[in-house]
Amino acid sequence: MRLPLYPCFILLLLITSCNSASKDNQLTDQNHLQTTVQYFSNALKPDTFRIELQGSKPKEMALQFNITAEGGAPVYAVRILASDLLDNYKESVDLAREKKQKAFMEQELKLFFEEENFLEPAVTEDEQADKNTPDKDFFEELRKSGLNGFKYRLGKETKVYVAWSEKEKKVKPYYECCK
């Protein structure tokens with residue numbers, strides 16, 4: 001017995017549309033991860049910067065940011081919750097729908113390693129520490145060492161600037177603006 005062509009076509013169309021709808025709610029692997037290699041903790045050996053968008057729903061999502069030295073030793077790690085970022089932007093950006101929230105987080109991931117976020121050097125000779133400098137001694141250490149810095153944002157008004165402290169052998173914030 002042979003089925004009429006029209007009902008089979010409708011059934012195939014329904015199956016295809018259901019599959020594509022579920023794909024809209026998931027992030028693709030290529031949108032989950034960004035890496036770059038930059039000089040940071042050592043002026044002669046580059047570090048690997050890695051940012052990963054974790055989670056499938058905005059309420060569960062987070063940006064996991066890591067810096068790893070050339071030999072594989074972890075240098076810095078921070079987890080930025082999507083809920084914190086979304087809350088900072090909800091008044092200025094339409095983020096009412098889950099699809100827009102996911103798109104916003106994917107955009108944050110793509111912009112994380114923009115060239116302007118890599119500061120060479122972290123502190124120039126003519127820069128002065130101010131009220132947003134958490135550790136004045138570290139700021140002066142950076143001025144003398146000439147090591148590079150990196151900045152990232154925690155919200156539309158809040159940015160964190162980090163750099164390697166040769167003296168303490170760890171990454172520290174050297175400037176935080178403007179909470």
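## A loop threonine and its partners

Beyond its neighbours within four places in sequence, Thr-133 is in contact with Phe-139, Tyr-174 and Tyr-175. This is a predicted model. Thr-133 sits in the loop between β5 (118-119) and α4 (136-145). Is Thr-133 buried or exposed? Its relative accessibility is 5%, so Thr-133 counts as buried.

## Overall fold

The protein chain has four helices and eight strands. Read from the N terminus, the order is α-β-β-β-β-α-α-β-α-β-β-β. The chain holds 179 residues, and 38% of them count as buried. Among contacts with a separation of 6 or more, 48% are between residues 24 or more positions apart.

Phe-49 belongs to strand β2 (residues 47-54). Its relative accessibility is 0%, so Phe-49 counts as buried. What surrounds Phe-49, leaving aside neighbours within four places in sequence? The contacts of Phe-49 include Gln-34, Thr-35, Thr-36 and Gln-38. Several phenylalanines also touch Phe-49, namely Phe-40, Phe-65, Phe-113, Phe-118 and Phe-150. Asn-66 and Ile-67 complete the list of contacts for Phe-49. Ile-67 is 18 residues from Phe-49 along the chain, and their C-alpha atoms are separated by 4.6 Å.

Phe-138 lies in helix α4. Phe-138 is buried too, with a relative accessible area of 2%. Leaving aside neighbours within four places in sequence, Phe-138 is in contact with Ala-163, Trp-164 and Ser-165, and also with Lys-172, Pro-173 and Tyr-174. Pro-173 is 35 residues from Phe-138 along the chain. The C-alpha atoms of Phe-138 and Pro-173 are separated by 8.9 Å.

## The buried side of α2

Helix α2 spans residues 82-89. Which residues of α2 are buried? They are Ala-82, Leu-85, Leu-86 and Tyr-89. These residues cover an arc of only 95 degrees around the axis, so they are on the same side of α2. An α-helix has 3.6 residues a turn, so residues three or four places apart point the same way. The cover over the buried residues of α2 includes β3 (62-68), β4 (74-81), α3 (98-111) and β6 (149-153).

## The largest pocket

The largest pocket has a volume of about 210 Å³. It is lined by 13 residues, of which Leu-111, Glu-114, Glu-116, Asn-117 and Arg-153 are the closest to its centre. The elements that give two or more residues to this lining are α3 and β6. β6 gives the most, with three residues. Both α3 and β6 are also named in the cover of the buried residues of α2.

## Disulfide and backbone geometry

How many disulfides are there? The count comes to one. The disulfide joins Cys-177 to Cys-178, with an S to S distance of 1.8 Å. A disulfide is a covalent bond between the sulfur atoms of two cysteines. Cys-177 counts as buried because its relative accessibility is 17%, under the 20% cut-off. Cys-178 is partly exposed, with a relative accessible area of 39%. Cys-178 falls in the segment after β8 (170-177).

| Residues joined | Omega |
|---|---|
| Glu-120 and Pro-121 | about -10 degrees |
| Cys-177 and Cys-178 | about -15 degrees |

Pro-121 is found in the loop between β5 and α4. That loop also holds Thr-133. At the other cis bond, Cys-177 and Cys-178 are joined by the peptide bond and also by the disulfide.

Lys-169 has a backbone feature of its own. Its phi is near 60 degrees, a positive value in a residue other than glycine. Where is Lys-169 placed? Lys-169 is in the loop between β7 (159-165) and β8. At 51% relative accessibility, Lys-169 counts as exposed, since the cut-off for exposed is over 50%.

Technical notes
Residues numbered from 1 in each chain as written. Predicted model: local features only at pLDDT ≥ 70, side-chain atom pairs only at ≥ 80, totals over all residues. Heavy atoms only, no water. Buried < 20%, exposed > 50% of the residue type's maximum accessible area, 1.4 Å probe, protein only. Contact = heavy atoms within 4.5 Å. Disulfide = S-S within 2.5 Å. Arc of directions from axis to C-beta. 1 Å grid on protein atoms, 1.4 Å probe; cavity = no way out; pocket = protein on both sides within 12 Å on 5 of 7 lines; lining within 4 Å. Points joined across faces, edges and corners; volume = space filled by probe spheres on them.
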